[in-house]
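Have the viewer open and follow along.

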Amino acid sequence: MSIKSMIVYGLLGFLAAFSAAAAPAVEAPRLNISGKAGSVLAAPVPEYGNFCLLGTDKAVTVQTFYKIFHDDKNLYVAIRAMEPDPGSMVRNENVHDSEKIWRSDCVELNFINRGNDKYLYKIMIDSLGAVADAAGEDDNTGLNKFALDYSFESSVKVISAQVNKDCWTLEIAIPMGAFNSGSDGKFKFFDMQIGRTRRTLLDSQGRKTLEMSASTPTGKVTFSEVSAFAPVVLKDFNAADYVWQLNDSTVKTVKKDNSVVCQLAGSLVNCGKRFAMGKLRAVLVDRSGKVVDRAEKVFGTQPRKLQNFEIPLKVEKNGEHKLQLEVRNAKNELLCGVFRTLMVDYQAAAIKLTTPWYRNNIYASMPPVEKIEGSVILEENIGAPLEITLSGAQGVVQSKKIAAADRVNPFSFDFKNMPDGEYFVTASGVKVRIRKLPFSPGEVWLDRQGILHREGKKIMPLGVFGMNFGRGEGLNVNLTFVSPFRSREALIAWLDQCEQNGRYAWIYPYHRFPKPYTYSWAPFASQDMQKSSLSEEQKKILKEYVELTGKHRGLLGHFLTDEPEGRSENPEFFRAVQAYLEDIDPYHPTLINHYGVEGATRFKGIADVVGLDCYWDFFKDNKYHMPPDISYKNARIISNFNKPLVFIPQAFDWGHINRFGGRSRAPKFDEMRIQIFMAFLGDAKGMVPFSYSSVGGSYSHQLRIGLLHIMKEPAALGNILMEKSDMQAVIAPQPLIAGVKKLGNEYVIIAVNPTLQPIQAQIKVKFPTAGELAVSGEKRTVKVVDGVLSDHFDALGTHVYVSGGLNSNGIDLAAVRNEIKKADEARFKPGNLAAAGELSLAEIREYKKGIIPENVTKITASSSKPISDRAQAYEYFLQDGIVENIPKTVWPTWAPADNDVQPWIEFALPQKSKVSKVNVHTIINKTGDDSPVLDAHVEVEVNGQFQKVGAVSGNTAASFEIAFPAVETTKVRLVLDKLKRPFSRLLSEVEVMQ
């Protein structure tokens, strides 16, 4: 992992020793000072301290103290970092925004706007006064990880940085508008945490090591645990100047006075009560951090009056840039700002094809293309003669001459009955290739709506994220970023499996053969290798992969990368990967997955298909990390990219503990369903929940059973779900979200309640209906009377109303809910003293630490062999109530360590109870081999001593019992005397019976 990645993730590991409580408020009084060196440190305000070792609530031995106050214009902070040995401090020379600043002794100030923990602002300052400031978007994992963007400028002023005999100090002034987005004309109050990285300690080898501490206790080893931030109370603060609403600008790249110019156009509003003068500052920064151009525009506005603006910024070259817009007053004090990534792609002349519409290719399974159509768009030479030609292997086929060119110059060429091959449209020195392609098995293309077609038939991707094939009906896709293929043969065998199971796969194209088993794709993942063009080695690997898989019917497309915005990956590199794959494999679309709309925006225009994670993060206290309507809102935004969206809703438990002490949990079946239909309302073209087979994704019957059924409904409703939603054809009362999809004479009305309150609603239907509509999956109908549909919506309820020609019986929702209910009830077999039922992933991890819910029988074992997550108590899976001799997934199972010769499992009952039998459920392989447990016996504790009460020998049954005369005890031990090895996992469940 690179230095930047470590900072971006803001996460050095987990130390979940406790759940961080909400921190007490910090008061920042109003005080006017000179602003000179020493004035902040000497300010007559309280000094705060009590820094804790990061990830704990334990005070550090070498403390840090700070003062904080304001003068309406700046937030002043004085840092006094105690240091017994200042000569041992690490004091590297760092430039502004250096990624290496944290390698020095430094502090960092972290801020969030109160009530909105989606964005983090970070200001890092070392003991020499060097600054690295950044803003980060929450990566939607609920892990307090933020993808930092260093284009953010806080405009912080370092007044002084000094090293004294027993401490080092900082005095800084942060403009009050630094964290004010200006989105609604209101000042954004904030919460804060100060962190310190101290590097004077030595490890056991005498090497410099670090100690990290924070101004508020944290439950994890990260400075970005926003739930632990302290509210900053600005005493006597006057927010009258911070009243600007700055609407993000549109950008048009043009040629002006022989220079390429980004023409910014936007508006701002003075939301105050009086006339105000100020200036708008725009700064353009390239990917290397160089300021390309800056401009300022002075303005004066009346209250509540919209002020439009245009600002030109000169550009040196195409590529990714950062744009920052700021509103400052006449004294140059920052009031608010917005920043974003901007892709500059100036072309003096461009040819835009409307037919063909996808990749400029014509596929054999497409309807016949009889005309080539498009426009030549000019930024230069407007008014000059223009010739547009269509040429092929036989030379120029057709041409069009224009005496005086306009900026947009449409053209159309006859293409009827043209043979397969390459053709070129040429104009004004620009050439665009058109390929008429021969048929290829499994060829995939997108229509004008962004709907995928495979061999000419529409395909709605419905699948699972992962390698497994599951048992769910309606699934047709596997999407996976894993590449565990030991050989070419293994990869082809897996694609064969996909095809045999009626699945098509999106997979990484970065496979190196011959190679031993490896997850690494180093020639592509390393940031040093992610240039704006591909190396010959990279091209060779991609070409070999395409030659191997390109004609396999099990391949649907190429998965370029997963959540690249969280790893600071280079968009230009993946643009190059996309272009090369498109050139050598025109038959398969590419996909990039993102965790948020900002990241998707940064990589916009690269892949053919956009994937989007949208994780609510569900908690047992009925709180969510994201608002429930985020699924609809995010899907709607991405769909406006004019790229098909494959939506990836949350289908697993993160294992988190929120700021209120709530333990996260798996989503319920109906929470999965509302995510899916909100995304379809937002015009998603496919669904791939993450993930049936993940840790935290296979413990809850809501998912174990729910995911087997969840895709039946969209599969049965069919292609109509990929049609564009008409959100005006029905009027639903707030907070309902409702829309209509139509295909031919058929239609569906989707209506969802994204709240935790039940609603009785009347929905106005503004188009003719049959009068009576079936409700998908509910075995009932509703009537539309005088254009009004009345229905009841449960909390997070979803209803899909279906016209007569569509299948409304693809799923029986009541039967699925009942199946889940019965499976949960079956976890508790009558008389089983050990049954614990379903625990969340966070509770299973706490179990390992000895934190066990009340009245749950505690299990200890001689050893436990983890599968991947070592933080879990695998003993718990012997009492989770899931009894499967052939497990659907291996995660909720138990096995002893490989060197454990005679493993045992001990049950500590909550109270003394009569025990007469122990039932043992082993794991066998799919060929039906005999049980791996041959001999076993049971011991119980009587008067402080264990005594043998029952045994079995020569066992062959997958499930067996050891019965004995009833005995009262609080401890029962199962000893496995003889095992048939080798085995991967050993036991599914053990029941201690009365």
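Let's begin with an open sheet of 8 strands, whose order is E33-E34-E35-E36-E37-E38-E39-E40 and whose pairing is parallel. Its edge strands are E33 (463-465) and E40 (686-687), each of which pairs on one side only. Keep in mind that this is a predicted model.

Inside that sheet, take the pair made by strand E38 (residues 609-614) and strand E39 (residues 645-649): they run in the parallel sense, with 5 bridges between them. If you want a residue pair to click on, Leu 612 has Phe 647 in E39 as its bridge partner.

**A residue in E34**

Val 477 is worth a stop. It is found in strand E34. Is Val 477 buried or exposed? Val 477 has a relative accessible area of 0%, so it counts as buried. What is in contact with Val 477, once neighbours within four places in sequence are left aside? The set is Pro 461, Leu 462, Gly 463, Val 464, Arg 503, Tyr 504, Trp 506, Leu 556 and Val 688. Arg 575, for its part, sits 98 residues from Val 477 in sequence and 25 Å from it in space, C-alpha to C-alpha.

**Helices and how they cross**

On the H2 side the contact is made by Arg 488, Leu 491, Ile 492 and Leu 495, and on the H4 side by Glu 544, Tyr 545, Leu 548 and Thr 549. Sorted by class, the residues of this contact come out as 5 nonpolar, 1 polar and 2 charged. A reminder for reading such lists: an α-helix has 3.6 residues a turn, so residues three or four places apart point the same way.

Now for another helix pair. Helix H8 (residues 669-681) packs with helix H12 (residues 813-826) at an angle of about 140 degrees, and their axes are 11 Å apart. H8 is therefore oblique to H12. Phe 669, Asp 670 and Arg 673 of H8 meet Leu 813, Val 816, Arg 817 and Ile 820 of H12. By class, this contact of H8 with H12 has 4 nonpolar, no polar and 3 charged residues.

Helix H13 (residues 841-848) tells a burial story: 6 of its 8 residues are buried, so the helix is largely enclosed by the rest of the structure. The buried ones are Leu 841, Ala 842, Glu 843, Ile 844, Glu 846 and Tyr 847. What do the buried residues of H13 pack against? Their partner is strand E49 (858-861). After H13 comes Gly 850, with a positive phi near 90 degrees.

**Antiparallel strands and their turns**

There is also an open sheet of 3 strands, in the order E30-E31-E32, with antiparallel pairing. Strands E30 (444-446) and E32 (457-459) are its edges, each pairing on one side only. Neighbouring strands here are turned by 40 degrees against each other on average, if direction is ignored.

Elsewhere, E45 and E46 form a hairpin with 4 residues between the strands, and Gly 777 there takes a positive phi near 80 degrees. E46 and E47 form a hairpin too, with 2 residues between them, and in its turn Asp 786 has a positive phi of about 55 degrees.

| Strand | Partner | Bridges |
|---|---|---|
| E31 (residues 452-454) | E32 | 3 bridges |
| E45 (residues 772-775) | E46 (residues 780-785) | 4 bridges |
| E46 | E47 (residues 788-793) | 2 bridges |

To find these pairs in the viewer, pick one residue couple from each. His 453 stands opposite Lys 458 in E32. Leu 773 has Val 782 in E46 as its bridge partner. Val 785 stands opposite Val 788 in E47.

Key:
Residues numbered from 1 in each chain as written. Predicted model: local features only at pLDDT ≥ 70, side-chain atom pairs only at ≥ 80, totals over all residues. Heavy atoms only, no water. Axes fitted to C-alpha atoms, helices over the stretch in contact; angles between N-to-C directions. Parallel < 35°, antiparallel > 145°, perpendicular 65-115°, else oblique. Contact = heavy atoms within 4.5 Å. Nonpolar A, V, L, I, M, F, W, Y, C, P; charged D, E, K, R; others polar. Pairing = 2+ DSSP bridges. Buried < 20%, exposed > 50% of the residue type's maximum accessible area, 1.4 Å probe, protein only.
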